[in-house]
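Student: I'm new to this structure and would like a close look at a single part of it. Please pick one spot, walk me through it slowly, and then show me what surrounds it.

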Amino acid sequence: MASLFTRPRAAARRRTASPLLYLGYGMLAVLVLTAIIAPIFLDHAATTLTSTANSGPTHAHPMGTDSLGRDMLARVLVATRETMLAAVFSTAIAAVLGIGLGIAAWLAARRVREVILRLIEFWVSYPTLLVAIIVAAILGRGLAPAVFAIGLANAGGFARLTANLAAGISTREFVVTARLMGVPSGRIATRHIVPNMAEPQLILIAQAFAGALVELSGLSFIGLGAQSPSFDWGALLNEGASKIYTNPILIVGPSIALVFASLAALFVGDGLAAAANPRTNLRRARMLHHSGTELAPLTPDTLLSVDHLTVRHDDSGRELVSDVSLSIRRGEVLGIVGESGSGKSVTASVVSKLLAEGLTATAARAELSGADLLGRVSGRELARRVAMVYQDPGTALNPALTLGNQLSDVLSRALGSTRRAARQNLLERFRDVLLTDPEGRMRQYPHQLSGGMKQRAMIASAMSTRAELLVADEPTTALDVTVQREVLTLIKRMNATMGTSVLFISHDLGVVRALCDRVLVMRDGRIVEAIDDVAHMTPEGVVHPYTRQLLEATPIVTMPGRDIEGAAR
Amino acid sequence: MSHSIDASDSLSSSGLGIPGGHNAPRELRASSLAGAWRRFIGRRLIGLAVNLVLLVLVTFIIVRLIPGDPAAAIAGTDASQSQVDAVRAELGLDKPLPVQFGQYVLGVLHGDFGTSFHYQLPALQIVLTAAPYTIAIAFASLIVFLFFGLAIGIAVGIITRGDRHRWLDHVFNIGAGLIASIPAYVQATLLIMVFAVWLVWLPPAYSPSYGLAQSAVLPVAALSLGCIASVARITRREVAVVLEQDYMRTARGWRLPSLTLYAKHMLPNVVTTALTLSGIILTALLGSALIVESVFAWPGLGTVSVQAISEFKDYPIIRAAVFVIGTISLLFTFFIDIILGILDPRTLGDHRG
């Protein structure tokens with residue numbers, strides 16, 4: 001369902017690979033080529049002892065020579081093969097072990113799975129190097145034990161990712177269907193589970209490769225990895241570091257190589273991650289006047305008037321709302337009905353001056369109680385004039401703050417209330433909306449309340465500022481039927497007793513009929529029908545075929561007390 | 001290391017790594033918060049106990065898993081038969097397996113991991129002397145990286161919200177990426193180069209004559225720089241995520257002043273996630289501390305255990321060190337989880353550990 005901030009995702013999200021991803025691929029290609037070629041041509045220079053020992057940077061030896069006169073540049077380039085191969089093997093061990101274990105956990109019986117998952121947690125909660133130390137203690141020093149150790153240590157991460165992904169995928173419809181059809185688990189794993197986790201696994205592989213490279217070189221650096229005469233970047237860096245006072249140039253080569261390689265992996269990993277979760281790049285929302293239309297002066301009892309409103313999506317140029325005009329009188333309840341994507345929520349977001357980023361609204365006029373919504377309106381004034389209730393009470397409240405704490409913020413903003421006054425005000429409103437134990441509720445966090453209670457708290461908050469206009473965007477959609485009715489009653493009571501005007505957005509004509517004085521029907525960004533006499537609308541009485549369809553598809557909802565309250569007004 | 005951190009980071013961004021999240025228990029009454037704490041602490045203590053048992057098991061089998069005759073391998077190729085037998089007796093390898101294990105467990109319960117081959121002192125004593133040095137630099141780094149990482153990440157996240165100031169976004173991404181990808185031990189080497197060799201401001205290695213604090217500056221810097229970059233990257237991304245949440249829209253709808261909006265409504269939600277990931281970062285940091293210590297000859301657990309492996313084959317020390325390092329990382333995680341529970345009671349409900 002649409003809500004105030006829905007943005008047209010398909011249009012805004014561009015699936016473009018970032019230039020950094022290509023840069024990362026390019027750098028990796030350079031590394032692979034070096035790993036292949038360098039040992040063929042430079043092995044001699046890298047390993048032959050010469051008389052020019054401990055040379056600084058010279059023309060012949062731009063990165064100096066080590067204590068045995070071997071050219072450092074050649075050694076760094078040649079070491080690329082050993083370093084890369086070690087990291088590749090280590091990552092392969094991690095991925096195979098980890099993914100295998102993750103899948104096994106998923107396939108296993110419930111009890112066994114719990115045990116495996118616990119073991120995985122145990123595994124990943126220790127530093128990689130601790131595992132490396134254990135393996136080195138068992139198998140001794142050397143590159144092969146180090147490769148195994150780092151692979152083993154990183155397998156935990158793969159196992160956890162796999163188990164998590166499998167748990168997510170296995171509840172998806174196609175897997176459930178396959179299970180119901182009696183497809184064996186192993187086959188489901190290879191056909192459905194594994195292919196669907198390729199993307200996150202690929203990202204983790206890129207990251208694990210970079211990690212393995214750095215960690216393996218780290219082990220060599222402290223003497224647990226590559227042993228002389230074999231050498232990788234870490235071993236070379238160790239040699240250089242031991243001569244940091246006498247021949248500091250020696251650390252340059254291995255340092256650059258290590259940074260280059262881990263940057264390459266970082267770019268690839270980030271690039272893949274960015275391609276998997278593209279970020280929307282949206283310009284700030286704009287609200288503009290368009291001139292040239294003659295406007296009738298507003299009558300004194302008009303609270304809100306929006307004339308010839310058009311909202312465009314900046315990137316695609318698509319019109320989400322086309323030439324919509326509406327007005328609300330003081331004390332009136334106006335409904336906007338339409339299916340999702342009809343532009344009703346976007347219209348509401350203009351009215352509440354909360355237009356989403358990446359959208360541009362133009363209108364001949366948008367005035368709320370004398371304030372020009374297209375111009376600058378102070379936050380305090382808006383907070384005082386407009387209150388909002390949203391579709392999903394579960395996510396609309398801040399999970400980290402208690403109800404009392406967050407709901408009194410709006411009061412100090414709108415009315416300048418002191419903490420004590422705000423609290424008193426809220427307590428009374430909580431009683432108005434029939435929340436049990438109001439004092440206790442004030443101290444509770446949103447997750448301690450049910451959805452219906454949260455929505456009532458939102459309405460209490462809206463009542464507390466005595467706003468002139470309540471914008472309610474599908475406030476009942478996420479609630480079950482009995483709670484729906486209570487919420488509608490509360491909104492109706494707020495309208496009747498406090499004189500608050502309401503802009504009520506819904507896709508449900510039945511709900512709208514029970515609450516609203518007038519209804520606008522929207523479709524594809526346009527108003528297709530305006531119904532002034534809601535109580536007596538019938539499929540025969542409406543003009544537009546779309547409205548008739550909606551009406552015929554709607555069961556009749558009546559709300560207790562509507563007639564009484566309507567008559568009392 | 002920084003990369004394993006980013007790996008866990010990508011887990012969290014797909015919503016898998018964060019406990020609690022949006023499916024926290026629906027009806028948790030305020031009065032039951034104490035109960036939730038009790039259950040949480042109880043569960044974590046059981047987890048801790050299970051982990052300690054596993055650690056004892058692992059340290060026991062380290063020696064058993066040495067290929068061939070462990071005693072001969074440990075004593076070395078040029079050792080005499082009597083030396084090999086001495087090693088065998090010291091490690092209890094001459095007895096049947098169940099007896100070995102029983103003796104080992106009994107010893108561990110009394111804090112006895114055997115006598116160090118090299119130092120001829122109780123292994124646990126050597127390791128516990130070294131532990132405070134490691135804890136000190138790890139803890140100092142934790143404070144430093146949390147403070148700077150959060151501050152930088154939040155500032156950049158707010159400034160670049162909704163695609164504002166795209167240049168800063170690029171500068172930050174490349175700068176933080178670069179720093180996060182330089183391994184801690186390379187940073188350590190470069191820091192020594194600049195501050196000890198060229199500028200001669202700080203000692204290149206631990207030496208009692210310089211004062212502990214001065215000796216600690218470079219190790220802490222080497223450990224925290226990469227973490228600052230990682231935490232800043234995570235925090236920045238998290239700021240972007242939180243700013244898109246419905247409750248932030250609600251707060252904007254209330255037209256709250258910027259300070260209230262960010263400091264009160266955004267910050268707690270960002271910090272929870274950042275702290276959750278900091279637990280993982282801290283574990284990784286403890287790992288790099290073990291390497292970085294060797295660069296600075298810092299007399300902590302890393303130096304002790306690496307020496308024990310590569311120079312002395314000092315298995316009592318290795319066992320004690322593995323046990324203590326493991327315990328420290330368990331306790332770190334435990335305390336981070338408690339802080340998280342205080343900040344966000346929803347995390348008490350998750351079923352980990």
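Tutor: Let's begin with one term: two residues are in contact if their C-beta atoms, placed from the backbone, lie within 7 Å. This is a predicted model, in which local features need pLDDT of at least 70 and side-chain atom pairs count only at pLDDT 80 or more, while totals for chains, interfaces and linings use all residues. Residues are numbered from 1 along each chain as its sequence is written, and chains are lettered from A and ligands numbered from 1 in the order in which they are written.

Our spot is A:Met442, in helix 17 (residues 438–442) of chain A. Helices here are DSSP runs (H or I, at least four residues), as strands are (E, at least two), and both are numbered from the N terminus. Setting aside neighbours within four places in sequence, A:Met442 is in contact with A:Thr402, A:Leu403, A:Gly404, A:Arg423 and A:Leu426. A residue is buried if 20 or more other C-beta atoms lie within 10 Å of its own, exposed if 12 or fewer, and partly exposed in between, with C-beta atoms placed from the backbone. A:Met442 has 19 such atoms within 10 Å, so it is partly exposed. Its C-alpha atom is 35 Å from that of A:Arg284, a residue 158 positions away along the chain.

Now let's step back to the rest of chain A. An automatic or database domain assignment sets the domain bounds: domain 1 covers 2–50 + 59–284, and domain 2 covers 302–397 + 466–568. The C-alpha centres of these two domains of chain A are 53 Å apart.

Helix 2 (residues 19–47) of chain A bends by about 60° at A:Phe41; the bend is the angle between axes fitted to the seven residues ending there and the seven starting there. Buried residues in helix 2 of chain A include A:Gly24, A:Leu31 and A:Thr34.

Next comes the side of chain A that faces its partner: 81 residues of chain A are in contact with 77 residues of chain B. Helix 9 (residues 198–221) of chain A gives the largest share of that side, twelve residues. By class, the side has 46 nonpolar, 23 polar and twelve charged residues, where Ala, Val, Leu, Ile, Met, Phe, Trp, Tyr, Cys and Pro count as nonpolar, Asp, Glu, Lys and Arg as charged, and the others, Gly among them, as polar.

Helix 9 of chain A has 20 of its 24 residues buried, so it is largely enclosed by the rest of the structure. The expected span of a helix is 1.5 Å times one less than its number of residues; for helix 9 of chain A this gives 34 Å, which agrees with the 34 Å between its end C-alpha atoms. Just after helix 9 of chain A, A:Gly223 takes a positive phi of about 90°.

Finally, a brief look at the partner. Chain B has 13 helices and zero strands, and 50% of its 353 residues are buried. Among contacts in chain B with a separation of 6 or more, 73% link residues 24 or more positions apart. With 15 other C-beta atoms within 10 Å, B:Glu244 is partly exposed.
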